[in-house]
Amino acid sequence: MKFNFDLPFHMHICGLFTTTNPNWIHDTRACDSYEIFYMTKGTLYIAEGDNKYILHPGDYLITPPTKHQYGWKPSACSFYWFHFYYSDDMASNIPVKGTFDHSEVIESYAALLSLNKEQTIAGDHLITALLYELQTSTHRQASIAHNSLCNSIQRFIKVAPANQLTISSIAEQFGYNKKYLSHCFCNETGISLKQYLTNERMHRAEYLLTNTPFTISQVSDSLGYPDAHTFSHAFKREHGVSPKEYRNSL
C-alpha cells in the first residue's frame, strides 16, 4: 500500500456495523469513495469487482471507488467502516489487505471521527493519520517478515551440506523465486546472498586447512568445488593467498 500523503484526504463517514443474524450478506452496490474495513468479530466475505476477500478479526481491507462492491457469502460479523475521498487516481496497490493488531487504535479513531459529523479539517487530519498508521504498519510487518526469512536462511547456511550452498538450492528449500530471495536478503543484510555463500565456503575452507590433514583436493571436494584448481582460484581471490600458502603460513 502506498498513498501520497502530500495530497489531501477528505473524511466522509464512518461507523461500527454488527450483523443481526448469521445469514447476513453485504449489500451489492456502487461506491464512489475509498473504504476501510476493519474486522472486530467473525468473518466478512466481501468483494470488489473480481477480487474476493475473506477478513478475520484484526484484518483490514482498503478498497477504491468501485461500481461493484458486494458480499459473496453469508456470515455473522462485526467491523468498523470508514469512507473517505482521495484525489490521486493512481494510488498504488489498492485494494490492499493487511493485519493491524491494535483494535484499540481503530476504536479511538472511530470514536473521534464519529464526533466530527460536519466533515471538518479535523476529520481530514484524522483519516490521514489513520491511513498513515496502517501504511507504516504494513511496511513494518513486511520488514519483520523479510528479517525473519533472512535469519532462517543464515541459520540454514551454517548447517547445510556443501552441495546445498547455492542460491538455487536455498530458493527451493524456502519456496521462493531466486531473484526475489536474493533481493530480500541483500536489502536486509547489506550483502548479496551469493557473497554470503562464498564467505561460508571460505570459513569452512579455513577450518579444514587449519584443523585437518586433508589435501587441497580433499578440501575442494568437501566444499563442493568441481576441482582443486577452481577452489584454489576462489580461495586466493578472497584471501590473497593460495590454500597451500595459507596452510603453510600457519
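Which residues does Asn-116 touch, not counting residues up to four places away in sequence? In this predicted model, Asn-116 touches Ala-122 and Gly-123 once those sequence neighbours are set aside, a contact being heavy atoms within 4.5 Å. Asn-116 sits in the loop between α1 (103-114) and α2 (121-159); helices (H or I, at least four residues) and strands (E, at least two) are DSSP runs, numbered from the N terminus. With a relative accessibility of 14%, Asn-116 counts as buried, where buried means under 20% relative accessible area, exposed over 50%, and partly exposed in between (1.4 Å probe, protein chains only).

Residues are numbered from 1 along each chain as its sequence is written, and side-chain values use heavy atoms, with hydrogens and water left out. Because the model is predicted, local features need pLDDT of at least 70 and side-chain atom pairs count only at pLDDT 80 or more, whereas totals for chains, interfaces and linings use all residues.

Turning to the chain as a whole, eight helices and nine strands are present. The radius of gyration is 27 Å, well over the 18 Å that the globule rule gives for 250 residues, so the chain is more spread out than a compact globule; the radius is taken over C-alpha atoms, and the rule is 2.2 Å times the number of residues to the power 0.38. Along the principal axes, the C-alpha atoms fill a box of roughly 80 × 40 × 30 Å. Of the 250 residues, 40% are buried. Among contacts with a separation of 6 or more, 71% join residues 24 or more positions apart. The accessible surface amounts to about 13800 Å², with 53% belonging to carbon and sulfur atoms; such areas come from the Shrake-Rupley method with a 1.4 Å probe, and for residues only the protein chains shown count as cover.

The buried residues of α4 are Leu-181, Cys-184 and Phe-185. Seen down the helix axis, these buried residues fall within an arc of 100°, so they line one face of α4, the arc being that of the directions from the axis to the C-beta atoms. The face turned away from this buried side carries exposed Lys-179 and Asn-187. At the start of α4, a side-chain oxygen of Asn-177 comes to within 2.8 Å of the backbone nitrogen of Lys-179. After the helix comes Gly-190, with a positive phi near 80°.

Arg-204 belongs to helix α5 (residues 193-211) and counts as buried at 19% relative accessibility. The side chain of Arg-204 reaches the backbone oxygen of Ile-157 at 2.9 Å. Beyond neighbours within four places in sequence, the contacts of Arg-204 include Val-159, Pro-161, Leu-165 and Leu-223. Ala-47, in strand β4 (residues 44-48), is buried with a relative accessible area of 1%. Leaving aside neighbours within four places, Ala-47 is in contact with Lys-52, His-68, Gln-69, Tyr-70 and Trp-72. Ala-47 and Thr-63, 16 residues apart in sequence, are 9.3 Å apart from C-alpha to C-alpha.

Key
Polar contact = N/O pair within 3.5 Å; in protein donor to acceptor, adjacent residues only side chain to side chain.
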